[in-house]
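Visitor: I would like to learn how to read a structure like this one, feature by feature. Could you take me through it?

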Amino acid sequence: MRVIGTAGHVDHGKSTLIAALTGTHPDRLKEEQEREMTIELGFGWLNLPDGQEVGIVDVPGHRDFIENMLAGVGGIDAALLVIAADEGVMPQTREHLAILDLLQIQRGLVVITKIDLADDPDWLNMVETDIRAVLAGSVLQDAPFVRVSARSGAGMDQLIKALSALLQDAPARLDLGRARLPIDRVFSMPGFGTVVTGTLSDGHLSVGDEVELLPSGIQGRVRGLQTHKKKEELSIAGSRTAVNISGVAQDRIPRGEVLVTPGHYQPTRRFDARLRTLKDMALPLKHAAQVKVFVGAAETIGSVRILDADVLSGGDEGWVQFELRDPLVLVRGDRTIIRRPSPGETLGGALVIDANPAERHKRHDQVVLSRLEALLQGSPVDVLFQAALVQGPAAVRELFAKARLEPETAKNALKECLETGTLIALEESATMIGVETLIIPAPQWAVLQENIRLALVLFHKNQPLRRGMPREELKSRLKLAPRLFNAVIKYSQLQDGGAWLALPGHVLQLTSAQQAKADGLLKKFTAAPYAPPTVKECQAEVGEDVFAALLELDEFVLAAPEVAFRRVDFEAMRAVVRAKIAESGQVTAAEVRDLFGTSRKFALALLEHLDTIGVTIRDGDFRRLRKS
Ligand SMILES: Nc1nc2c(ncn2[C@@H]2O[C@H](COP(=O)(O)OP(=O)(O)OP(=O)(O)O)[C@@H](O)[C@H]2O)c(=O)[nH]1
Ligand SMILES: [Mg+2]
């Protein structure tokens, strides 16, 4: 699940492009249609030919609505920077690009649209050269270009291909089980009640979950979920999500609220950040200036205290502490946009380093500044977790080597990660964790569990007459090293039959028709337990699959390719043979034949199988007991 957003100057054709891609015009308001201009965010979705489902956020280009644009771009995976071929780069092309850069939206396409209005190749080449120059040094500097006309449809196929390629290798979102949904719309649906929408930036939501709105603290429960107008039981990180919440009236939800899993987030009025200002900022930013702060779909006003300088000029970076008028829901690593309230101007972006500093920092204080520097590099817990994500499942020893932390620090960080559940140890108990213990990051564990579940669900569905999937088959499906595979299976709460694995609760069940046939066959075995029907006859009677199922169920023992006995009869024969040898030291095939009143074929099959499973050992014409 991916979300893309548009960006670009007013009237350059963003909404028309989305309409051409999705078949639905994103401008819904009457005022928008009359003015032919986007005001509020527009939403849509698209199914790419490669099977990816992509949510779309369409933003307004007019500078008066830039703050609405900011509410939309926060959660996107990739941007479409739309530039009209006849106009080329314009002021909001630059401003939107700057915002994408400050938010570090790493993926993007440059869409040169309206080529039906400017089809002179020289002109188009000139426009492209111009754009390349503007992109230089930004996140989009290597972004591919596509030329389209939303009106004639020219280039739209290439655009879709480029979009698939762009999103194909986009990294999956982290899901640490702490849902956070910055709310960009609230409405009420007759018969349902309040619905909030947004891009789920972290964690997942399920129907029935308790949720909390922050900063207001309103509690509710998820009554229903939709992604792209489809009902879902579960919404995963990174998807456009509409949440029907029970117990909350629409008018109680102020704009900018965040819907979260209770207990994981804390609204904050103060945060420490690394601020980067835009090169073309009109005036330097002074200490204690009042600025607007935007994050997710929320905004507030605050003062920015510059900790290591008195002013920041265009293009400078510095350490700052914000004191906010209203609380925001922030976590370390969030990127916020800073604007001057009036005249409105984007000043820069701040990377949240400490979302909840305990105190108001003294300025120009070396201790404070070096602590912030260290936090920028990451806390030991972050470093360890990041190392684990890069490394994948690995032994503690390898993980520590990767993280390059002091041994004591690494141990404490590991302990914390295990306690908070971001890392998982495949070990019986916490006291047994040593350097060889295998560690898996929680998000990868979740993916692995899901893959195992899916493989087994499919296997059980296709092979209802098997108790489980052959262990080796699952192992090669998961492409895991043997030690890791065995450890994973051990902690996966599966039915482990040794050679086969099954989902908990899965039972091999014959249909009543199959059971009736099996009963008929069993009767024949009861009538002649030591000279029963051959395997071929059994298969002909009940069907190959049902006979294989009876073997799996251990009703039968396959003594030789053509000879099967019922398990109970086989055990009885084994006991008799043992007793006979114990008494006379040895036994011949002929004696065994006579003991059971059977034929040589069955007697030999029985003895050879007893040899194979280690009960007897052959010595010329005789069998003796194998000494264990
Ligand atoms: N000839 C031509 N006109 C286009 C094309 N795409 C859009 N337009 C026209 O350009 C005008 C603006 O298009 P929109 O899609 O509303 O532009 P926008 O970028 O969404 O504008 P804002 O949302 O206000 O920033 C409309 O009149 C469209 O019909 C195109 O490919 N060719
Ligand atoms: Mg528009």
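Visitor: Are Ser 15 and Thr 38 buried or exposed?

Guide: Please keep in mind that this is a predicted model. A residue is called buried when its relative accessible area is under 20%, and in this structure Ser 15 is buried, as is Thr 38.

Visitor: Which residues coordinate the magnesium ion, and through which atoms?

Guide: To read a metal site, one looks for the donor atoms around the ion. Here the magnesium ion, ligand 2, is coordinated by OG of Ser 15 and OG1 of Thr 38, at 1.9 to 2.0 Å. This pair links distant parts of the chain, since Ser 15 belongs to helix H1 while Thr 38 sits in the loop between helix H2 and strand E2, 23 residues apart.

Visitor: Which residues come nearest to ligand 1?

Guide: Of the 20 residues around ligand 1, the nearest are Thr 16, Glu 36, Thr 38, Gly 61 and Asp 116, and helix H1 gives the most to this shell, with three residues. For polar contacts, one looks at distances between atoms: a polar side-chain atom of Glu 36 lies 2.6 Å from an oxygen atom of ligand 1, while for Ser 15 such a distance is 2.9 Å, and for Ser 149 it is 3.5 Å. The protein covers 90% of the 650 Å² of accessible area that ligand 1 has on its own.

Visitor: Which residues make the nonpolar surface patch?

Guide: Met 1, Leu 234 and Ile 236 make a patch of about 240 Å². Ile 236 lies in the loop between strands E13 and E14, and it counts as partly exposed because its relative accessible area is 40%.

Notes
Residues are numbered from 1 along each chain as its sequence is written. Chains are lettered from A and ligands numbered from 1 in the order in which they are written. This is a predicted model: local features need pLDDT of at least 70, side-chain atom pairs count only at pLDDT 80 or more; totals for chains, interfaces and linings use all residues. Side-chain values use heavy atoms; hydrogens and water are left out. Donors are N, O and S atoms within 2.8 Å of the metal (3.2 Å for Na, K and Ca); water is not among the atoms, so sites may look incomplete. Helices (H or I, at least four residues) and strands (E, at least two) are DSSP runs, numbered from the N terminus. Buried means under 20% relative accessible area, exposed over 50%, partly exposed in between (1.4 Å probe, protein chains only). Patches are made of residues with over 30% relative accessible area and no salt bridge: like charges are joined within 9 Å, nonpolar side chains (Val, Leu, Ile, Met, Phe, Trp, Tyr) within 5 Å. Accessible areas come from the Shrake-Rupley method with a 1.4 Å probe; for residues, only the protein chains shown count as cover. A salt bridge is a side-chain nitrogen of Lys or Arg within 4 Å of a carboxyl oxygen of Asp or Glu. A residue is near a molecule or strand if one of its heavy atoms lies within 4 Å of it. A polar contact is a pair of N or O atoms within 3.5 Å; within protein, one must be able to donate a hydrogen and the other to accept it, and residues adjacent in sequence count only if both atoms are side-chain atoms.
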